[in-house]
Amino acid sequence: MIQVENLVGGEFIVTAECFDDISPLDNSIVAQIPRTKNVDNAVLAATQAQPSWGGLDMDERCDWLDKIADILEKNIEEVARLESLDTGKPHHVAMGVDANRSVNNFRFFANFGRSIKSETFEMEDATNYVLRKPVGVVGLISPWNLPLYLLSWKIAPALLMGNTVIAKPSEITPLTAHYLGKLCTEIGLPNGVLNIVNGYGPEVGQAIVEHTGIKAISFTGGTATGKIVAATAAPMFKKLSLELGGKNATIVMEDADLDIAVPGVVRASFLNSGQICLCGSRVLIHSSIYDDFMSRYLEELNELEIGPVINVEHRNKVMSYIELAKKEGGQILAGGNVLDKPGAWIEPTVIAGLSHTSRTATEEIFGPVVTIHKFENDAEAIEMANCTNYGLAGSVWSKSKGREIAEQIDSGMVWVNTWLHRDLRVPFGGIKDSGVGREGGMWSVGFFSEAINICVMED
Ligand code: NDP
């Protein structure tokens with residue numbers, strides 16, 4: 001049994017009260033998690049560490065990010081093992097998606113930091129230059145679906161820009177953040193630069209958002225929680241980045257190359273058991289290829305190996321949507337059942353026959369459940385794609401019209417003939433109820449720094 005500890009000012013600490021971390025593979029208890037309610041000590045440690053960390057040269061901080069990437073990479077098998085244990089995802093997903101990307105996040109921002117150019121704006125009689133100062137102590141809050149992947153996506157740019165960090169992983173998946181803390185201590189990252197606190201979101205998460213010593217909040221999670229975070233942080237004028245939910249459309253046009261589209265759409269539907277904010281949970285198919293596409297899609301589904309969903313509570317929520325779909329007139333084409341074994345397993349589920357405005361087709365389910373809709377022309381496809389309150393991502397599968405359709409989708413990110421193909425320099429984030437702000441490359445650098453203009457009059 002693992003004892004998860006908080007990392008505060010370089011010390012590993014356990015609170016008096018702990019709670020269980022349960023594996024969704026078989027409902028066994030894998031760890032004890034501290035129930036933290038107060039972050040004063042973590043904020044104090046981070047505040048004390050910030051001036052010297054922020055005072056390092058950018059190149060020195062880049063070297064630290066490389067060191068973190070190196071030690072994570074050296075221990076990548078353990079990162080994947082812990083992620084798999086905590087989330088139930090198959091090892092190849094934990095390794096290929098989570099562990100690799102966590103290493104890449106640190107590596108990318110190390111290299112990116114070295115490439116940042118100074119920004120100057122010449123006037124006839126003066127020169128302006130932009131100084132990027134650290135924001136200070138920043139709070140980073142992440143969900144359970146891609147635990148270290150999403151937390152390291154925030155930690156790396158926050159540290160790069162000279163901030164010190166209070167990080168809170170989801171209470172459901174704390175193991176890899178805890179392990180990262182151990183590795184950072186092993187390589188001698190200065191005390192207080194990275195602090196990690198654990199516990200329930202409404203307790204320790206809320207304490208982070210409320211704390212006046214924390215100057216920026218970067219949050220990834222559900223839209224409902226995002227509203228609470230925004231309502232708490234905005235009156236304090238904290239910098240706020242919100243990466244929230246999605247209900248993404250996958251559009252299969254009449255001229256799609258089905259050899260590429262069928263496996264691509266299955267992957268977009270079900271990777272990580274459909275628990276990626278970018279998953280395409282609504283598949284819109286042109287009527288002329290509907291039958292052909294669907295028979296190949298359902299056949300491809302038979303080859304799929306997916307893990308459980310995150311826990312039994314979430315499984316019950318997902319199953320309640322399958323029941324709702326039946327009431328709304330949906331027809332279950334595949335799956336629809338809980339697997340008869342311990343843990344939180346659900347069959348990959350495909351539902352047709354629903355209105356594209358039904359609750360099942362417009363609310364985020366965040367599990368291995370996809371709704372299928374037929375369209376007759378481009379305008380109808382676009383209307384269907386844009387009919388939800390979310391606007392995170394989407395994909396278009398077409399030999400000739402990909403860009404044209406993609407540009408009309410109200411989402412922060414759209415892929416054409418691919419999905420989840422990521423260049424870490426590009427803007428990542430959503431519109432509408434999917435969030436506020438962008439992460440990635442210069443967008444992360446901008447969020448985790450204060451841009452100060454210095455205007456110098458020439459002699
Ligand atoms: P939640 O919103 O429940 O939780 C996200 C994080 O917020 C967790 O660490 C949680 O802690 C914490 N939290 C909960 N309440 C509060 C609070 N009052 N104040 C501060 N922090 C709080 O989301 P889930 O963990 O259920 O994650 C799934 C959601 O995340 C989905 O909606 C998904 O779409 C979204 N998501 C968005 C992404 C994006 O980039 N746009 C990427 C990945 C997921 P605890 O878990 O301990 O309660």
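User: Into which domains is the protein chain divided?

Analyst: Domain bounds come from an automatic or database domain assignment. Here domain 1 covers 2-244 + 434-457, and domain 2 covers 249-423. Their centres, taken over C-alpha atoms, are 31 Å apart. The contact (heavy atoms within 4.5 Å) takes 23 residues from domain 1 and 24 residues from domain 2. Residues are numbered from 1 along each chain as its sequence is written, and side-chain values use heavy atoms, without hydrogens and water. As this is a predicted model, local features need pLDDT of at least 70 and side-chain atom pairs pLDDT 80 or more, while totals for chains, interfaces and linings use all residues.

User: What area is buried between domain 1 and domain 2?

Analyst: The size of an interface is often given as the accessible area lost when the parts come together. That area is computed with a 1.4 Å probe and summed over both parts. Between domain 1 and domain 2 it is about 1800 Å², with carbon and sulfur atoms giving 59%. Pro24, Trp144 and Ser434 supply 29% of what domain 1 buries against domain 2, more than any other three residues.

User: How many residue pairs are in polar contact across this interface?

Analyst: A polar contact is a pair of N or O atoms within 3.5 Å; within protein, one must be able to donate a hydrogen and the other to accept it, and residues adjacent in sequence count only if both atoms are side-chain atoms. The rule finds 7 such residue pairs between domain 1 and domain 2, both residues at pLDDT 80 or more.

User: Which residues are closest to the ligand?

Analyst: A residue is near a molecule if one of its heavy atoms lies within 4 Å of it. By that rule 32 residues surround the ligand, and the closest are Glu171, Thr225, Leu244, Cys277 and Glu364. An N or O atom in the side chain of lysine 168 is 3.0 Å from a ligand oxygen. Glutamine 206 places a polar side-chain atom 2.9 Å from a ligand nitrogen. For glycine 221, a polar backbone atom is 3.3 Å from an oxygen atom of the ligand.

User: How many salt bridges does a search of the whole structure find?

Analyst: Side chains of opposite charge can pair when their charged atoms come close. The rule asks for a side-chain nitrogen of Lys or Arg within 4 Å of a carboxyl oxygen of Asp or Glu. The search finds 18 in the whole structure, but 0 across the interface of domain 1 and domain 2. Glutamate 17 forms one with arginine 35, the closest N and O atoms being 2.8 Å apart.

Notes. Buried area = accessible area lost by both parts, 1.4 Å probe.
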